[in-house]
Amino acid sequence: MNSEIKELLGYNLRRIRKLNNLSQLQLAEQVDMAFTFISDIENGKKWVSPETLEKLSQAMDIEVYQFFLPRDYNFSENKTIESFSQEILEAIKRIESRYL
């Protein structure tokens, strides 16, 4: 597995978990796994199945894709899926405009 992707997942998992005021232990209990596994994910040491990604996203009330947003993305507790979607569409348009 690409280490950059694992690191991005771990980085965002930690950021989103903290935004939700959850400890690794609390999150692990919600998704029925060991807190050491959460720690290993956050440190880019472990990869997860799609089912585990879904459990983690449901526990933190987010969409799975949010684990893979760029490191400099400014998460906000008040953002809705619609605003995330709009921001992603705008980013895609900016990228497309560079190549068209």
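Which residues does E42 touch, not counting residues up to four places away in sequence? Select E42 and look around it: G10, Y11, L13, R14, R17 and Q24 are the residues it touches on that count, where contact means heavy atoms within 4.5 Å.

This is a predicted model, in which local features need pLDDT of at least 70 and side-chain atom pairs count only at pLDDT 80 or more, while totals for chains, interfaces and linings use all residues. Residues are numbered from 1 along each chain as its sequence is written, and side-chain values use heavy atoms, with hydrogens and water left out.

Stay on E42 and show the helices. E42 sits in helix α3, residues 35-42 (helices are DSSP runs of H or I, at least four residues, numbered from the N terminus). E42 has a relative accessible area of 3%, so it is buried (buried is under 20%, exposed over 50%, partly exposed in between, with a 1.4 Å probe and protein chains only).

Next, select R14. R14 forms a salt bridge with E42, with the closest N and O atoms 3.4 Å apart (a side-chain nitrogen of Lys or Arg within 4 Å of a carboxyl oxygen of Asp or Glu). R14 lies in helix α1 (residues 3-19) and E42 in helix α3, so this pair ties together parts 28 residues apart in sequence. R14 is partly exposed, at 25% relative accessible area.

Now select R17. R17 also forms a salt bridge with E42, the closest N and O atoms being 2.5 Å apart. Salt bridges with shared partners join R14, R17 and E42 into one network. R17 counts as buried because its relative accessibility is 7%.

Key. Helix = DSSP H or I, 4+ residues; strand = E, 2+ residues; numbered from the N terminus.
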